[in-house]
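Keep the viewer open as you read.

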Amino acid sequence: MSVPDRAPDAAPILELIDAFRRSKTMFAAVSLGVFEALEEGPADASSLAARLLGAGADPGPLERLLDACVGMGLLHKRDGAYANQPVAETYLCDRSPLSLTGYVLYSNEALFPMWAHLEDAVREGTHRWTQTFGWQGSLFEHFFKTDARRRSFLRGMHGFGQLSSPAVVAAFDLSRFRRLADLGGATGHLAIAACERYPQLRAAVFDLPVVMGMARDYVTASAARDRVESIAGDFFRDDLPPADLYALGRILHDWPEDRIRLLLAKISAALPAGGALLIAEKLLDEDKSGPTPVHMQSLNMLVCTEGRERTLSEYRALLREAGFDSVEGRRTGALVDAVLATKASQ
C-alpha cells in the first residue's frame, strides 16, 4: 500500500496512544500521595521523595512524575518547589468535599488491571475480575471487603454525585412528588440534591447496612438533613420503603436484563398510580454512534460488571414492560443523564 499524497492527520491516533500514559501518571501521583503531601505547602522533589518514598530514595524518578503533573496542569512549579493547582486541590485531595481520589484509586487498583484484558472480555462477553484477580463472586464482594477500601470508593462516588446529582434532579419538575426513596443511594448525594432543590420533598436513602454510616455523615452536613433519613436494606431482597418517587442512580448499568426486569417490576408494584422512577445513567445515542464517554463506560461495564449502557429506547422498552406508560429522557450536560418513568394513573 503506497502512502497517499495527502495523508490524514495522525494526531487522533497519537493522542490515543498517549492517553493511557496520562491517566496512569495521575493515578500514580494520587496513589503515592503527591497531592495530599502538597496540601501542607510547596515542596521540592528531594523533600517529597524522602516523605513519600523513604529516606535515601532517589528523587530523580519522582521529579519526572512531578514535572509530568506540571505539564498536565495538576501542579505548578516555582524555584524548584511544586504546589497543587486548584483543580488538584479540589478533586485530588481527600479532605476536599468534591474529592474524586477514591474513584481514582479504584480506577488504578481495580479497573486499570481489568482493562488490560479487554480483548478477552470482548471475545467472551464477560467481566474480567476472575481473570485479573482470581476472585470467585462479584467484584463488589471482594474489592470492597475492607472498610478502608469501601469508604475510599464511596467518597469518590460522592464526589461524582455532587457533580451530577443536582443536574439530574433539575432535569424534570419533581415538585409534585412528596416522598423519594433513593435505592442503592450510597452516600445520599441524589436524595440530598433533590431535597435541597424541592422543599416539599422528604427522602430516604436505601442501601446496604455497611453504607449507612457514611450516608448519615453526608446527610447530617446538608441543609436538608431534617428531611432525609437512612434506611438499611437490599433492593433485590427486602421490601422497598414507601414512596411516590423512586430513584436509581448508576444502578441499572451494573446488571443484566433479567435482574433489571425483576427490580423494575418490584418498583412498579410498590409505586402508587401516577408515581414515578427517576433514573440517573449515561444515555447512548439512538444509533449508538456516541457519545464517546458513554462508549467508554459501556466497555467499563463489560470488564467489571454484568451490565452495559443503553439508549433511551432500550430503557423505554424495559420500563414499559414493567408497567410504566410514560418514559422521558433528558441530556443533563453532567456525568449522567436523566430518565423519568411514570406509572399509569389508573
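A residue is called buried when its relative accessible area is under 20%, exposed when that value is over 50%, and partly exposed in between. With those cut-offs in hand, take Arg-308: its relative accessibility is 30%, so Arg-308 counts as partly exposed. Please keep in mind that the model you are looking at is predicted.

Let's begin with the overall picture. The protein chain is built from 15 helices and 11 strands. Along its principal axes, the C-alpha trace spans about 70 × 60 × 40 Å. For 346 residues, a compact globule would have a radius of gyration near 20 Å, and the 22 Å of this chain agrees with that. Of the 346 residues, 45% count as buried. If you look at contacts between residues with a separation of 6 or more, 66% of them join residues 24 or more positions apart.

Now let's go inside. Which residues touch the most other members of the largest nonpolar core? In this core of 29 residues, they are Leu-174, Leu-180, Leu-190, Leu-245 and Leu-278. The elements that give two or more residues to the core are the helices α10 (147-170), α11 and α12 (212-220), together with the strands β4 (202-207), β6 (245-249), β7 (276-281) and β11. The largest share, 6 residues, comes from α11.

Helix α11 deserves a look of its own. Since 7 of the 9 residues in this helix (residues 189-197) are buried, α11 is largely enclosed by the rest of the structure. Those buried residues are His-189, Leu-190, Ala-191, Ile-192, Ala-193, Ala-194 and Cys-195.

Leaving out residues up to four places away in sequence, Leu-278 touches Val-168, Phe-172, Leu-174, Leu-190, Leu-245, Tyr-246, Ala-247, Leu-248, Ala-338, Val-339 and Leu-340. There is also a second, separate core of 27 residues, which includes Leu-240, Leu-248, Ile-251 and Ile-279.

Ser-96 sits in the loop between α5 (86-91) and α6 (101-115). Its relative accessibility is 14%, which is under the 20% limit, so Ser-96 counts as buried. Beyond its neighbours within four places in sequence, Ser-96 is in contact with Glu-89 and Thr-90.

Next come the charged side chains. Side chains of opposite charge can pair when their charged atoms come close. How many salt bridges does a search of the whole structure find? The search finds 21.

One of these joins Glu-257 and Arg-308, whose side chains meet with an N to O distance of 3.4 Å. This pair links distant parts of the chain: Glu-257 belongs to helix α13 (residues 257-270), while Arg-308 lies in the loop between α14 (292-304) and β9 (310-311), 51 residues apart.

Asp-285 and Arg-331 form another salt bridge, at 2.6 Å from N to O. Here too the pair links distant parts of the chain, 46 residues apart: Asp-285 is in the loop between β8 (283-284) and α14, and Arg-331 is in the loop between β10 (324-330) and β11 (337-343). Asp-285 is partly exposed at 27%, and Arg-331 is partly exposed at 45%.

A further salt bridge brings us to Glu-15 and Arg-22, with their closest N and O atoms 2.7 Å apart. Glu-15 is partly exposed at 44% relative accessibility, and Arg-22 is partly exposed at 29%.

We finish at the surface. Where is Leu-14 found? Leu-14 is in helix α1 (residues 11-32). With a relative accessible area of 55%, over the 50% limit, Leu-14 is exposed. Together with Ile-13 and Ile-17, Leu-14 forms a nonpolar patch on the surface, and the three have about 300 Å² of accessible area together.

Methods:
Residues numbered from 1 in each chain as written. Predicted model: local features only at pLDDT ≥ 70, side-chain atom pairs only at ≥ 80, totals over all residues. Heavy atoms only, no water. Patch = residues over 30% accessible without salt bridge, like charges linked within 9 Å, V, L, I, M, F, W, Y side chains within 5 Å. Areas by Shrake-Rupley, 256 points an atom, 1.4 Å probe, with all protein chains shown as cover. Salt bridge = Lys/Arg side-chain N within 4 Å of Asp/Glu carboxyl O. Helix = DSSP H or I, 4+ residues; strand = E, 2+ residues; numbered from the N terminus. Buried < 20%, exposed > 50% of the residue type's maximum accessible area, 1.4 Å probe, protein only. Contact = heavy atoms within 4.5 Å. Core = buried A, V, L, I, M, F, W, Y, C linked by side-chain atoms within 4.5 Å. Rg over C-alpha atoms; globule rule 2.2 N^0.38 Å.
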